[in-house]
Amino acid sequence: MRLLQLSFLAAGCLVLCLCNKWGIRLPKDLNAWKGTCVQIPCKIDNNIGRLHHFVLYHNPQYINNRFQGTVLFDINNSSKTERTKLLDSRREKNCSMLIREVQVSDDGVLGLRIVDETDDKWMEEMKLRVNGSAPSPQIQLPQPLKESQEVTVTCSLKYYCSEYPVSLLWSLEGQRPLPDQVQDSFSLEVQKISTESKLTLSLNWTHHGKKLACQLWHFPEGRLSEEIVQLDVKHAPKVTLVATSSLEVKEGDSVTLRCLLQSSNPEIQDNFFWFRNKEIELKMGEILNLSRVTWQQAGSYHCGADNEIGRGTSEPVTLQVLYAPKDSKVDPAQVVKSENETVEMTCQSSANPLPTNYSWFKDGKLMPGETKQQLRFQEVKRQQSGQYACLAENSEGQGEVSKAATLDVQYPPTGVTVTIKNLTPIREGDTVNLTCSYNQSNPSVSKYLWRTQFSQYNRIRSKFLTINSIPWNAKSVICTACHVQCSSSPPVHLDIQYAPKDVKIILITPQSDIQSGDQVHLQCDFSSSQPRNVGYSWTRNGKHFYEGKSLNWSSISPEDSGLYRCFIYNSVGKTQSQEWDLKIQYAPRHLQVSITPSDMVMEKTSVVLTCEADANPAIELYTWFDWKGQKMDNFGPKLTLWPVMTHQSGAYWCRGTNKLGTGESHPTILTVYYSPETIGRRTALGFGVCLALLVLAFTGFQFVRCWKKIRGQQDLQAQPSRQGSFFIRNKKIRRPYSTTAPQSLGYYNPAVEERIEYSTLQFPPQAQYMETSRINLQTEDESVTYSVVQKSHRSDYENVAPVEVSPPEEEGLHYSELIHFGERERPPAQEGVEYVTLKH
């Protein structure tokens with residue numbers, strides 16, 4: 001419910017605001033005087049149409065639902081616009097007007113009636129005051145006014161009309177201010193109509209009581225009115241000090257001083273006060289009487305007074321009392337200087353007039369020729385230390401001798417030396433004791449500084465220095481004795497004896513790499529040794545090798561390589577060099593081929609042949625050769641055969657090359673044997689072929705045998721004294737064994753040779769038959785013919801060409817006839833030849 005009420009209230013406010021479509025803004029009060037003009041600023045707040053009706057009434061009244069009164073201006077009636085003018089002829093937002101030749105009778109109320117094109121109406125009133133003469137302007141002073149303050153004073157008049165311009169002019173006691181001190185302005189707004197002038201003043205105490213005037217001027221009429229105010233400037237008392245007698249007197253005379261008050265606003269409080277040498281002496285009246293003046297009363301005097309604003313003081317005056325020097329002293333009372341520095345001592349005393357003559361005393365004795373106030377030593381020496389006093393004198397007399405001042409001339413320690421307490425020669429690792437001493441010093445030495453090449457000892461402040469385990473390279477030691485100044489001793493050299501240092505081996509020749517056959521010179525060298533008398537020795541691979549400084553080879557060989565070390569020794573000890581690896585470069589040698597896993601391997605496995613060699617630098621190029629002397633496609637130290645086959649059996653050798661030359665190995669035999677699977681397969685195949693051939697050969701043999709038996713019987717009948725037999729004749733020529741490659745000592749693989757047929761005829765003792773030797777079968781289709789001849793031990797044999805010509809298919813047989821010599825009876829003829837042909 002409450003929310004609904006608030007909504008209705010807001011809606012009502014909106015309607016009211018919309019109904020108040022526009023408004024007029026006019027000043028409430030207007031001021032003028034006879035003969036001037038009135039300029040009325042007028043503003044229309046909101047946008048409205050052009051003015052339809054615009055009327056200015058004098059003392060309007062609302063009678064019978066209409067406004068009545070004297071019409072001063074009517075926009076629609078030109079007869080009513082003699083003295084009044086609408087400044088904005090466009091009749092838009094600006095409704096400002098101008099009324100000329102204002103009369104006293106115009107005093108009253110002015111009403112402005114406005115009607116726009118939409119017939120909206122409005123009446124606004126204002127008060128017009130018209131005086132018979134110009135009013136005085138108003139001066140506004142800030143309060144309070146104080147000296148040393150910068151203030152701005154404003155003179156204003158509630159009037160402005162562009163057709164009757166006026167000015168405000170300032171004067172201070174009849175004097176015009178400077179232009180840069182004045183700022184003029186005017187305002188013609190609805191809220192404010194005025195003419196103003198602002199004056200900026202820097203106040204001082206002399207402005208107090210002066211008259212400040214602001215005048216209203218109109219040219220050419222001249223001054224119209226004026227406003228005058230008297231300045232009330234608050235300030236501290238202003239006083240002046242004067243003496244009634246001379247300010248230069250002798251002790252015992254009298255002096256009178258007077259303090260005069262020039263101005264004070266407000267009045268001073270209490271009484272005057274007096275100062276001597278800027279210190280409050282006493283409070284009393286304006287007169288200060290000093291009777292029987294003493295020398296202590298000499299000095300600077302001034303007086304002053306207080307009020308609510310502050311304190312005012314006079315300029316000081318100096319009272320001089322003439323007297324002989326008093327309270328003489330030497331400044332400074334204690335002088336501490338280093339020898340050869342500049343020293344100045346001043347004799348100070350109270351005297352008037354100033355002393356004209358001085359005397360100086362050292363240790364109670366007068367110093368001839370020293371008559372100045374300052375005693376100066378350009379380069380003070382230690383002999384000038386002592387007690388110094390002075391005596392001052394002026395025209396009034398001579399003073400007393402001052403208290404003595406002390407001059408202490410300090411100088412650095414002299415005769416600083418370092419003493420070595422060790423009695424025997426110092427060796428590396430010994431403990432060394434040093435002492436620092438001096439002859440004299442002012443003041444006494446308070447600390448010692450040691451300077452060595454070892455930082456841990458440079459922090460020691462004692463006069464004694466102990467160096468534990470002295471290093472071999474300890475050099476000089478310097479001691480510095482100090483108080484305010486320091487003096488250093490001459491460097492003391494520590495002659496440390498030590499074994500040779502930085503022992504090393506130097507290659508003298510050759511300058512480049514060492515090669516086999518070169519002339520080589522090695523030298524053992526060192527950087528320092530104390531004592532310098534040294535001996536030399538050499539070791540090779542840890543064993544004593546030579547005594548002497550240098551090693552020389554006229555023609556070095558690889559066997560001279562090794563780790564060499566040289567030793568240099570003196571009376572203190574022995575020092576060895578780093579091991580020096582003597583590396584000799586040479587061409588490859590001692591090449592040999594090793595076979596992994598062994599030199600006899602089964603076919604279809606992996607074999608690695610390694611070329612091992614002795615060479616420096618390392619071999620750059622490896623070359624491999626087989627048993628035929630052919631180069632293989634492998635240039636590394638290892639030759640891998642995988643899978644290896646039986647035909648790769650044979651001798652292998654390698655060749656190694658570096659930048660110095662080439663070396664070759666001896667042949668190494670690789671034997672590759674058949675695997676069990678290959679042997680089994682070939683055996684089965686050969687056995688089957690042999691069995692078939694034996695069956696065929698046996699069948700043919702039986703046929704030939706029968707045939708020859710029949711023929712033999714016929715021949716025996718024709719030639720009974722002859723018996724025939726045969727030998728195997730092979731027409732094929734056996735190829736000689738090749739000598740172009742290394743001979744294999746293992747299994748010989750005939751697959752790479754031409755076909756060879758073997759036949760062996762043996763007659764062993766006590767044997768009844770001849771046996772053929774076993775040969776390996778070839779992969780090709782080759783034939784081997786076996787024959788067995790059985791003979792009688794008592795018979796002789798002779799090869800006899802057969803009577804008949806052998807048929808073409810039997811060209812491979814020789815026939816021999818067995819003849820029995822002697823008279824004994826021939827044994828029965830036996831068939832002693834069997835034929836077998838084995839093919840595969």
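E664 is partly exposed, with 45% relative accessible area; partly exposed covers the range between buried, under 20%, and exposed, over 50%, using a 1.4 Å probe and protein chains only. E664 has a salt bridge to R655, and the closest N and O atoms are 2.8 Å apart. By salt bridge I mean a side-chain nitrogen of Lys or Arg within 4 Å of a carboxyl oxygen of Asp or Glu. R655 is also partly exposed, at 26%. Elsewhere, salt bridges with shared partners link E559, R589 and D614 into one network.

A word on the source. This is a predicted model, in which local features need pLDDT of at least 70 and side-chain atom pairs count only at pLDDT 80 or more, while totals for chains, interfaces and linings use all residues. Residues are numbered from 1 along each chain as its sequence is written, and side-chain values use heavy atoms, with hydrogens and water left out.

How many salt bridges does the rule give? The count is 17. In general, side chains of opposite charge can pair when their charged atoms come close.

Next, K501 and E428. Their closest N and O atoms are 3.1 Å apart, in a salt bridge. K501 sits in strand β45, residues 496-501, and E428 in the loop between β37 (426-427) and β38 (432-437), so the pair ties together parts 73 residues apart in sequence. Strands here are DSSP runs of E, at least two residues, numbered from the N terminus. Is K501 buried or exposed? K501 is buried, at 17% relative accessibility, and E428 is partly exposed at 33%.

Last, D581 and K583 form a salt bridge at 4.0 Å, N to O. D581 is partly exposed at 38%; K583 is exposed at 54%.

Terms used
Helix = DSSP H or I, 4+ residues; strand = E, 2+ residues; numbered from the N terminus.
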